[in-house]
Amino acid sequence: MNIHISERHDQLIAACADHLLSVLAESIDARGVARIALSGGSTPKSLYDFLASPAQAKRIDWSRVECYFGDERAVPQDHPDSNFAMANRDLFTPLDLPRAHLFPMISAPMQGLEEEADRYQTLLSGWAEPAAPVFDFILNGMGTDGHFASLFPNTPALDERTRWAVVNPVPQLATRRLTLTFPVFEQARSVCFLAAGVGKQPIFQAIQQPDCNLPSALLTQRRATDWFIDRDCAGRST
Ligand code: 6PG
């Protein structure tokens, strides 16, 4: 784990934005395109607002960025709980990104969840079948239970090794979610977690224990990850 600790929230968002923009710029230089998977949650929202601000927006050529999602809730694209709706409002629209570069997990009108997962699976398989698709950058939040994307503790998607996008039943939330699977997170060129607040401190300590088998811990045990956290999340001992 590469851990970057910021004292204040605005510094945290700026540090994560600097990292994200430099990875995207390198990808555009190397391959002409940058493919990113975004997440939902409250912390990424501040990042999207910052990235879309006029001073930041001109730092890279966003017309070369393709935006996908790491997970999505089972709601239509314009629903207040939709990860796409949040990113669309706070990032895509202010940056005026071309619609052809946006890849929501739920289509409009919304289809059955299994159909949506199959559509995303086909989309990602088009890149590199049979290997897992390689994203240039994946942005994750982490829940207080150690989940990231919609890979929640003790749910079936944790064991998925052959599909890249699945419907995951999440009994703890009495719902089902769409999520990318471990092989995709393992293969990405760069994976970043953004977490803030004292509420995340216990789980941040827990996932650093070598025997922890919560989803965020499993990913950090399997690959390099960049963690952008604030002092409250880090705790004084980190
Ligand atoms: C979602 C997410 C989820 C989120 C974490 C952290 O759709 O909710 O993708 O994995 O990132 O739950 O959320 P917060 O930043 O709100 O704590």
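**Ligand site and selected local features of the predicted model**

The ligand sits in the largest pocket. On a 1 Å grid over the protein atoms alone, a pocket is an open set of points with protein on both sides within 12 Å along at least five of seven lines, and a molecule sits in a pocket if more than half of its atoms lie within 2 Å of its grid points. The model is predicted, so that local features need pLDDT of at least 70 and side-chain atom pairs count only at pLDDT 80 or more, while totals for chains, interfaces and linings use all residues. Residues are numbered from 1 along each chain as its sequence is written, and side-chain values use heavy atoms, with hydrogens and water left out.

The elements contributing two or more residues to the shell around the ligand are α2 (42-51) and β4 (71-73); helices (H or I, at least four residues) and strands (E, at least two) are DSSP runs, numbered from the N terminus. The largest share of this shell, three residues, is provided by α2. Around the ligand there are 17 residues, of which Ser42, Thr43, Asp71, Arg73 and Lys200 come nearest; a residue is near a molecule if one of its heavy atoms lies within 4 Å of it. By class, the shell comprises four nonpolar, nine polar and four charged residues. In this grouping, Ala, Val, Leu, Ile, Met, Phe, Trp, Tyr, Cys and Pro count as nonpolar, Asp, Glu, Lys and Arg as charged, and the others, Gly among them, as polar.

The side chain of Asn83 has an N or O atom 2.9 Å from a ligand oxygen, and a polar backbone atom of Gly40 is 3.1 Å from a ligand oxygen. The protein covers 87% of the 420 Å² of accessible area that the ligand has on its own, as computed by the Shrake-Rupley method with a 1.4 Å probe.

The side chains of Thr225 and Trp227 are joined by a polar contact of 3.0 Å.

Further features occur in loops. Val134, between α5 (113-128) and β5 (137-140), is partly exposed at 28% relative accessibility. Although 52 residues separate Val134 from Glu186 in sequence, their C-alpha atoms are 9.0 Å apart in space. In the loop between α4 (83-95) and α5 lies Pro109, and the peptide bond from Ala108 to Pro109 is cis, with omega near 0 degrees.

Positive phi values are found at Asn154, about 60 degrees, and at Ala174, about 50 degrees, although neither residue is a glycine. Asn154 belongs to the loop between β5 and β6 (165-170) and is exposed, with a relative accessible area of 77%. Ala174 belongs to the loop between β6 and β7 (175-180) and is exposed at 72% relative accessibility.

Conventions: A polar contact is a pair of N or O atoms within 3.5 Å; within protein, one must be able to donate a hydrogen and the other to accept it, and residues adjacent in sequence count only if both atoms are side-chain atoms. On a 1 Å grid over the protein atoms alone, a cavity is a set of points where a 1.4 Å probe fits but cannot get out, and a pocket is an open set with protein on both sides within 12 Å along at least five of seven lines; lining residues have an atom within 4 Å of a point. Buried means under 20% relative accessible area, exposed over 50%, partly exposed in between (1.4 Å probe, protein chains only).
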